[in-house]
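The entries follow in the order in which I made them.

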Amino acid sequence: KRLGILISGRGSNMASLVEAAAAPDCPYTVALVASDKPEAAGLAWAAERGVPTFAQSPKGMPKAEYEAKIDAALRAAGVEAIALAGYMRLLSDDFVARWRGRIVNIHPSLLPKYKGLDTHARAIAAGDAEAGASVHIVTEELDGGEVLGQARVPILPGDTADSLAARVLAEEHKLYAKTLADWLRD
Ligand code: GRF
């Protein structure tokens with residue numbers, strides 16, 4: 001399967017997916033890494049490794065026009081499924097409908113808990129004993145689609161949002177590659 005990955009920044013989850021794609025039994029190849037931020041560090045990382053990249057800022061144009069450019073780049077690259085990896089923009093209902101059931105996202109919480117932003121601070125403030133990450137199908141509802149896989153980590157005494165985020169992120173990298181491979185094999 002030809003995979004497109006959408007990022008907005010660092011791209012560490014994207015990098016883990018690109019690295020996992022090198023395994024001979026991996027069911028996907030990364031056909032395109034696209035970003036809404038031309039300066040995203042992840043874009044340079046991908047380009048250095050020979051992965052095709054595309055950048056399109058949404059500034060100064062209607063959302064539909066921006067998304068049409070992203071959609072065209074994905075289709076030109078022959079993309080069949082999309083993985084969101086730290087893509088910080090809400091996809092329109094129209095875009096989701098056009099790729100129905102073929103977009104996944106990784107979210108740094110144990111969904112259905114803590115949809116949206118600041119998940120780690122919210123988990124700590126709630127006194128939760130554990131946190132984690134979820135890979136889910138993208139629907140029109142933010143962080144709301146079917147959960148395909150989760151990873152759990154303990155919340156430790158003295159944890160800050162940053163220390164917890166680092167512990168979760170290490171698990172995200174393993175979870176995303178594995179869950180995506182299982183999903184694309186089906
Ligand atoms: C990750 O924590 C991911 O779960 C969330 O945004 C962060 C992106 O990090 N959606 P990176 O760009 O993959 O390093």
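**Entry 1. Helix H3.** I began with the length of helix H3, residues 63-76. At 1.5 Å a residue, its 14 residues should span 20 Å, and I found the end C-alpha atoms 20 Å apart, which agrees. I note here that the model is a predicted one.

I next asked which residues of H3 are buried. They are Glu67, Ile70 and Leu74. These three cover an arc of only 60 degrees around the axis, so they lie on the same side of H3. I recalled the general rule that an α-helix has 3.6 residues a turn, so residues three or four places apart point the same way.

I then looked up what the buried residues of H3 pack against. Their partners are strand E1 (2-7), strand E2 (29-35), strand E4 (81-84) and helix H4 (93-98). On the face of H3 turned away from the buried side, I recorded the exposed residues Ala64, Glu65, Ala72 and Ala76. Just after H3 comes glycine 78, for which I noted a positive phi of about 70 degrees.

**Entry 2. The nonpolar core.** I turned to the largest nonpolar core, which has 46 residues. Ile5, Met14, Leu17, Val33, Ala83 and Ala85 are the residues that touch the most other members. The element that gives the most to this core is H6, with six residues.

I took alanine 83 as an example and set aside its neighbours within four places in sequence. The contacts that remain for alanine 83 are Leu3, Ile5, Leu17, Val104 and Leu180.

**Entry 3. The ligand.** How many residues surround the ligand? I recorded 15, the closest being Arg10, Ser12, Asn13, Gly86 and Pro108. By type, the shell divides into seven nonpolar, six polar and two charged residues.

I also checked which elements supply the shell. Helix H1 (12-20), strand E5 (103-107) and helix H6 (161-185) each provide at least two of its residues. The largest share, three residues, comes from H1.

**Entry 4. The loop between E5 and H5.** I examined the backbone next, bearing in mind that most residues other than glycine have a negative phi and most peptide bonds are trans. Leucine 111 and proline 112 are joined by a cis peptide bond, with omega about 15 degrees. I located proline 112 in the loop between E5 and helix H5 (119-125).

Tyrosine 114 is found in the loop between E5 and H5, and it has a positive phi of about 55 degrees although it is not a glycine. Is tyrosine 114 buried or exposed? It counts as buried because it has 21 C-beta neighbours inside 10 Å, and the cut-off is 20 or more.

Aspartate 118 lies in the loop between E5 and H5. I noted a positive phi of about 55 degrees for aspartate 118, which is not a glycine. Aspartate 118 is exposed, because 12 other C-beta atoms lie within 10 Å and the limit for exposed residues is 12 or fewer.

**Entry 5. Alanine 170.** My last item was alanine 170, which I found in helix H6. It is partly exposed, with 15 other C-beta atoms within 10 Å. I also looked up its separation from valine 153, which is 17 residues away along the chain. The C-alpha atoms of alanine 170 and valine 153 are separated by 9.9 Å.

Conventions: Residues are numbered from 1 along each chain as its sequence is written. This is a predicted model: local features need pLDDT of at least 70, side-chain atom pairs count only at pLDDT 80 or more; totals for chains, interfaces and linings use all residues. A residue is near a molecule or strand if its C-beta atom, placed from the backbone, lies within 6 Å of it. Helices (H or I, at least four residues) and strands (E, at least two) are DSSP runs, numbered from the N terminus. Ala, Val, Leu, Ile, Met, Phe, Trp, Tyr, Cys and Pro count as nonpolar, Asp, Glu, Lys and Arg as charged, and the others, Gly among them, as polar. A nonpolar core is a set of buried Ala, Val, Leu, Ile, Met, Phe, Trp, Tyr and Cys residues joined through C-beta atoms within 7 Å. Two residues are in contact if their C-beta atoms, placed from the backbone, lie within 7 Å. The expected span of a helix is 1.5 Å times one less than its number of residues. The arc is that of the directions from the helix axis to the C-beta atoms.
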